[in-house]
Amino acid sequence: MDMRSNNHQQQQQQVLDGSDIVELVENEKVFDKFVEQKFQQLDQDEDGKLSVKELQPAVADIGAALGLPAQGTSPDSDHIYSEVLNEFTHGSQEKVSKTEFKEVLSDILLGMAAGLKRDPIVILRMDGEDLSEFIHSPGYEAEIVSIYFSALSGCEEASLRDCIAKALQSLSVDHGMPPPNDPWVISNIVEPIVESCLDEEDKREKCVSQERFLEAFKRVVERVAQRLNEQPVIVAHSENTFDGSGIRRLLSNKFEFDKALNVALEIIPKDRHGKVSKEYLRAVLDTVAPSATLPPLGAVSQMDDMIREALKMVNGDDGKMVKEEEFKKTMAEILGSIMLQLEGSPISVSSNSVVHEPLTSATFLPAAPAEADEPSN
């Protein structure tokens, strides 16, 4: 893209790096007000305490802020939701006081801030200008011809409508297109515009020529750009690469590694001989993950596969009871295995999701703090 386009992109984005969250938590007066508002919102029966049921929306918001799939859709991510809930209830309490809620929320928010400092989220305002510039750029037709052959590969009998819908999935935020696989984008932008740009005969047309496809596709994309200009879409974009360097740093610092493991092992059940079941390796690994610059279990499928392979190599799922030192040694072996795999084949992850409302009310990622005596919106 040219300099004008780059300047426009910079003007249309906001970077969330966790600094606002740290500022919020460290400002006691403002943070107290934030906790009070959140607590009252959750305390449906107004008894001054939060039940497990009342905590569920907070847990769901935290999961969404961490980029996890919805609760109930993945065993690995469900484990993380359970851990977040256990943090609030300490694993056994049926009710949580406002003080307890504040303490745990502070820890979780600061953890999120640390994650955002490492992997910032960029908030993009997509107003159609970048997409329009792409359509009129010199390289547009060559790229769309390539998409045309990719979209029709193995499905020559597909209708023009299906070809266009599939080709749209090849466009990205770099082109100025909101994530085309996002359910909201599909139902509110892609499907209505494809329907409006094609008549019934066009929709059913098969074996379309390249010229015919290019003409119809450009019409659709131009209409998408117009729609974005009329109603911009806000997209949260993040990207990071896991290359094993975080694990190497942790393993090379014995003090930090032991500290991270000891914190994780404090909440793991032990038998009367002080032994720990290897079935908790996965849970401890998930607790140590931030220190090793790894994503939460359930967040990245490629990483989950790598972890399963590492656990398999040390018989991590056999449930055997082992001494704490052996447990730590096994954990080091697992992390070492993951590190070597990542050094050989780094995993790059990018994600884009449509933000439908301000982050301050939608998730536990608050905006910059205002004065505590100002009226809330």
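Modeller: In this predicted model, a residue counts as buried under 20% relative accessible area and as exposed over 50%, while anything in between is partly exposed.

Biologist: Why is Gln226 placed in the class it has?

Modeller: Gln226 has a relative accessibility of 41%, which lies between the limits of 20% and 50%, and therefore Gln226 counts as partly exposed. Gln226 belongs to helix H12, and although Gly128 is 98 residues away along the chain, the C-alpha atoms of Gln226 and Gly128 are separated by 6.4 Å.

Biologist: Why is Val145, by comparison, called buried?

Modeller: The relative accessible area of Val145 is 17%, and because this falls under the limit of 20%, Val145 is buried. Val145 sits in helix H8, and once its neighbours within four places in sequence are set aside, Val145 is in contact with Gln210 and Leu214. Gln210 is 65 residues from Val145 in sequence, yet the two C-alpha atoms are 7.4 Å apart in space. As for the whole chain, 44% of its 377 residues count as buried.

Biologist: What makes a group of residues a nonpolar core here, and which residues have the most contacts inside the largest one?

Modeller: The members must be buried residues of nonpolar kinds, joined through side-chain atoms within 4.5 Å. The largest core has 40 residues, and those with the most contacts inside it are Leu131, Ile164, Leu168, Phe213 and Phe217. Several elements supply at least two residues each, including strand S4, helix H8 and helix H9, and the largest share, nine residues, comes from H12. Leaving aside neighbours within four places in sequence, Ile164 is in contact with Val194, Leu198, Phe213, Ala216, Phe217 and Val220. There is also a second, separate core of 34 residues, which includes Leu265, Val284, Val314 and Ile334. In soluble globular proteins, nonpolar side chains tend to be buried together.

Biologist: How is the packing of helix H14 and helix H17 described, and which residues make the contact?

Modeller: Two packed helices are described by the angle between their axes and the distance between those axes. For H14 (residues 254-265) and H17 (residues 324-344) the angle is about 120 degrees and the axes are 11 Å apart, and H14 passes H17 in a right-handed crossing. H14 contributes Phe257, Leu261, Asn262 and Leu265 to the contact, and H17 contributes Glu324, Phe327, Lys328, Met331, Ala332 and Leu335. Lysine and glutamate count as charged, so Glu324 and Lys328 are the two charged residues in this contact, which also has seven nonpolar residues and one polar residue.

Biologist: What angle and distance do the axes of helix H13 and H17 have?

Modeller: The axes of H13 (residues 245-252) and H17 cross at roughly 145 degrees and come within 8 Å, and this crossing is left-handed. Among the residues that make this contact are Arg248 of H13 and Gly336 of H17.

How values were computed
Residues are numbered from 1 along each chain as its sequence is written. This is a predicted model: local features need pLDDT of at least 70, side-chain atom pairs count only at pLDDT 80 or more; totals for chains, interfaces and linings use all residues. Side-chain values use heavy atoms; hydrogens and water are left out. Buried means under 20% relative accessible area, exposed over 50%, partly exposed in between (1.4 Å probe, protein chains only). Helices (H or I, at least four residues) and strands (E, at least two) are DSSP runs, numbered from the N terminus. Contact means heavy atoms within 4.5 Å. Axes are lines fitted to C-alpha atoms, for helices over the stretch in contact, and angles run from 0 to 180 degrees between N-to-C directions. A crossing is left-handed if the near helix is turned anticlockwise from the far one by less than a right angle, and right-handed if clockwise.
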